[in-house]
Amino acid sequence: MKKIFTIIILLFPLSLLAQWSIGGKAGVTFSNYKTKSPWESVSNIGYSVGVAGYNKFNSNFGLLLELQYIQKGYNHQICDTFYDKLKGNYIEVPILLDYSFIVPSLDNFRAHINLGAYAAYWVNGKYKTKIDDEAFTETFDFEKSGATRFDIGPSGGARIEYILKNGSVSLDFRYEIGIIDLQKNVNDNTSNTNRAMIIGFTYLKALN
């Protein structure tokens, strides 16, 4: 009896591991600050790349965990020859509850709705400014700017998954809302919080 109990204890972590699917993801980001500006706000285009893990609880619910390198920032533009951009590079961990269901009349397709939150660390960044024919690039100075490196906020979206023989590939749509004023020491009476939309692909392979 003790031997059987010992075997069950040893196999229990493996059974949990077997429920996971892991893989990689990559996408394009469209971001900006939620801030008042006399300039026109244009999406700052960047990219995201990382790894993903998915644990399916039952036929409908699961947990989605990710670790990604992602670009966010702002793009304030008066005209083609006059703009001010900030592109920040973050290490980010989204954790989302995932609800899925079979798409009617489409074999091997599942639709997913996910909702959760993310936490991110601002690694570095660059300012890009253009005035007429002169362009300038400057490394973002955290100490001088008094910026906050940590960012958190809600995250949610949807994905369409195509089931393969030994895994799946999905087209993802995600929107993130930062709640931290990243540059609160800036004397502009605004809330410099991140807003980002991510469109990309995720490949997952079951561990069992």
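Tutor: The charged end of K72 sits over the ring of Y90, 5.8 Å from its centre. A charge counts as over a ring if NZ of Lys or CZ of Arg is within 6 Å of the ring centre and within 35 degrees of the ring normal. This is a predicted model, where local features need pLDDT of at least 70 and side-chain atom pairs count only at pLDDT 80 or more, while totals for chains, interfaces and linings use all residues. Residues are numbered from 1 along each chain as its sequence is written, and side-chain values use heavy atoms, with hydrogens and water left out.

Student: Which other ring does the charged end of K72 sit over?

Tutor: The ring of Y118, with 4.1 Å to its centre.

Student: And what does K72 form a salt bridge with?

Tutor: With E92, where the closest N and O atoms are 2.9 Å apart. A salt bridge here is a side-chain nitrogen of Lys or Arg within 4 Å of a carboxyl oxygen of Asp or Glu. K72 is in strand β4 and E92 in strand β5, 20 residues apart, and the pair links distant parts of the chain. Strands (E, at least two residues) and helices (H or I, at least four) are DSSP runs, numbered from the N terminus.

Student: Is K72 buried or exposed?

Tutor: Buried, because its relative accessible area is 1%. The cut-offs are under 20% for buried, over 50% for exposed and partly exposed in between, with a 1.4 Å probe and protein chains only. E92 is buried as well, at 0%.

Student: How many salt bridges does the structure hold?

Tutor: Five. One of them joins E66 and K25, at 3.0 Å from N to O. E66 lies in strand β4 and K25 in strand β1 (residues 20-34), so that pair ties together parts 41 residues apart in sequence. Both E66 and K25 are buried.

Student: What network are K25 and E66 linked in?

Tutor: A network of salt bridges that also includes R174. Elsewhere, the side chains of D98 and R159 meet in a salt bridge, 3.4 Å from N to O. D98 is in strand β5 and R159 in strand β8 (residues 150-163), 61 residues apart. D98 and R159 are both buried.

Student: Back to the rings. How many aromatic pairs are there in the whole structure?

Tutor: A search finds 11. Rings of Phe, Tyr and Trp (its six-membered ring) pair if their centres lie within 6.5 Å; planes under 30 degrees apart count as stacked, over 60 as edge-to-face and the rest as tilted.

Student: Why is the pair of Y90 and W122 stacked?

Tutor: Their planes are at 20°, so the pair is stacked, with the centres 5.5 Å apart. Y90 is in strand β5 and W122 in strand β6, 32 residues apart. Y90 is buried at 1% relative accessibility, and W122 is buried at 0%. Ring pairs also link Y90 and W122 with Y127, F140 and F142 into a cluster.

Student: OK, new topic. What forms the nonpolar patch on the surface?

Tutor: V51, L65, L67, I91, V93, I95, Y121 and F150, with about 670 Å² of accessible area together. β5 gives the most, with three residues. Y121 is found in strand β6 (residues 109-131), and is partly exposed, at 33%. Patches are made of residues with over 30% relative accessible area and no salt bridge; like charges are joined within 9 Å, nonpolar side chains (Val, Leu, Ile, Met, Phe, Trp, Tyr) within 5 Å. Areas come from the Shrake-Rupley method with a 1.4 Å probe; for residues, only the protein chains shown count as cover.
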